Amino acid sequence: MGSALDGITVLDLTQGMAGAIATMFLCDNGARVIRIEPPDGDRGHGAPGYLVWDRGKESILLDLTARAVPERPDCDTDAMNPVFERLLRRADVLIEGFPPSSPQQAVLGYTGLSAINPRLVHCSITPYGTEGPLKDAPADDDLVMARAGILASQPSFRPGPVHVVHPLPGVGAGLLAAQGIVASLYWREKTGLGRKVETSLMAGCLSTMPKVFGKNLSPWVFANRTAGGAPFYSLYECADGEWIQLACIHGGFVEKAVDVLGIREKLLDPKIGDWRGNPISGVRAEVFDIVTGAIKTRPYEEWAHLLEEADVPYARSSTVEEAMVNPQALFNDMVIELDDPSVGRMSQMGLAVKLLKTPGLVKGPAPAPGQDTHEVLSELRTEPVPATESRTVDPD
């Protein structure tokens, strides 16, 4: 049984996490992904995460702008390497992350590429979009999050914005790019024509924190503490040092939690006032302190038993390593084991999206830079070059 993107060839020229994640999703679902590296070194894929994001891909070393090569020494197609041109004619998708004003865009502009291959889906991932004063700014996740409002929206132990460790720009943009590419491949099935797809790290940030503004909308503040947004929807330390997350999303759960924790009498103290609604900051802080003190009296396992019996939503706060062996993840094949030639046997995330009749497959470990150069170039020498087909004009 084949995968959904069997027969699709993707040329990956990206340098960062977003492109690697996008092409991982395509590769996991059957696409052949060829990562094109510059001959003078790799594109910064040394971080451990790329052992996951680059899995199953091929890697070749190629200068995009070198003209005279043994395969076609008489080629005079502007500055483009004729080997790269031959790859383009066979490709279905090209994904790149070069700034709009970079020299590479002389070779990678959509107009020129679509003239070579009208069926090509061309995806561009930039830090801030292709227009505006920051269009050529560097792709630094922390700077993108600062400008997108992520850092200023997080609760803190001190006043002001805080650093966010999770890579929201790269993950968000990678998901958006994969979605745009697949949507364009569907469009191509209907029209025979490729499309230009654009997304950015800033768009990836904004998609994770949707905000709306209007004169008739009241501001809504929820998570204003580092431990959580409300006394019964927060994170607390147990007597044994384990941490537990309460998630009482409505009053019924709150009432149950109050009785399990044995704090109802304290909350009925007149100075506490209305703790069930939206208490003022002083009362709110005091309720947090009461819950904190109560949970600190028992170890996690005791609280887990009591909360489970009372049907109060909760979860133990696990480490990443513990999450990788969580039975729920293992039962649903969310974690797989893979043999990597550089690090040996390792566990990593499995298929993030499952398609019932066209299941995906992790094809293998991440490639070493350039390991597939000889094989791919040999294919180009033996396969005929597809002719550029005439197409109707894209209605857009």
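Residues are numbered from 1 along each chain as its sequence is written. In this predicted model, local features need pLDDT of at least 70 and side-chain atom pairs count only at pLDDT 80 or more, while totals for chains, interfaces and linings use all residues, and side-chain values use heavy atoms, with hydrogens and water left out.

**Exercise 1. State how many helices and strands the protein has, and what share of its residues is buried.**

Step 1. The protein has 15 helices and twelve strands. Helices (H or I, at least four residues) and strands (E, at least two) are DSSP runs, numbered from the N terminus.

Step 2. The protein has 396 residues, and 42% of them count as buried. Buried means under 20% relative accessible area, exposed over 50%, and partly exposed in between (1.4 Å probe, protein chains only).

Step 3. Contact means heavy atoms within 4.5 Å. Among contacts between residues at least 6 apart in sequence, 67% join residues at least 24 apart.

**Exercise 2. Give the strand order of the six-stranded sheet and identify its edge strands.**

Step 1. The order is 3-2-1-4-5-6, in an open sheet with parallel pairing. Two strands pair if DSSP finds at least two bridges between them.

Step 2. Strand 3 (58-61) and strand 6 (196-200) are the edge strands, since each pairs on one side only.

Step 3. From one strand to the next, the twist averages 20 degrees. Axes are lines fitted to C-alpha atoms, for helices over the stretch in contact, and angles run from 0 to 180 degrees between N-to-C directions.

**Exercise 3. Describe strand 4 by its neighbours, bridge partners and side-chain directions.**

Step 1. Strand 1 (residues 9-12) pairs with strand 4 in the parallel sense over three bridges. L94 is the bridge partner of L11, and I95 is that of D12.

Step 2. Strand 5 (residues 121-126) runs parallel to strand 4 and is joined to it by four bridges. C123 in strand 5 is the bridge partner of I95.

Step 3. In a regular strand the side chains alternate between the two faces of the sheet. In strand 4 (residues 93-96), V93 and I95 point one way, L94 and E96 point the other way, and all are buried.

**Exercise 4. Determine how helix 1 is placed against helix 7, and which residues make the contact.**

Step 1. The axes of helix 1 (residues 17-28) and helix 7 (residues 168-191) come within 7 Å and cross at roughly 45 degrees.

Step 2. Angles under 35 degrees count as roughly parallel, over 145 as roughly antiparallel, 65 to 115 as roughly perpendicular and the rest as oblique. Helix 1 and helix 7 are therefore oblique to each other.

Step 3. The crossing of helix 1 with helix 7 is right-handed. A crossing is left-handed if the near helix is turned anticlockwise from the far one by less than a right angle, and right-handed if clockwise.

Step 4. Helix 1 contributes M17, A18, I21, A22, F25 and L26 to the contact, and helix 7 contributes G170, V171, A173, G174, L175, A177, A178, I181 and V182.

Step 5. These residues divide into 13 nonpolar, two polar and no charged. Ala, Val, Leu, Ile, Met, Phe, Trp, Tyr, Cys and Pro count as nonpolar, Asp, Glu, Lys and Arg as charged, and the others, Gly among them, as polar.

**Exercise 5. Characterise the packing of helix 9 with helix 12.**

Step 1. The two axes are 10 Å apart, and helix 9 and helix 12 pack at an angle of about 140 degrees. That makes helix 9 oblique to helix 12.

Step 2. Their crossing is right-handed. K256, V260 and L261 of helix 9 meet W303, L306, L307 and A310 of helix 12.

Step 3. The residues of this contact divide into six nonpolar, no polar and one charged.
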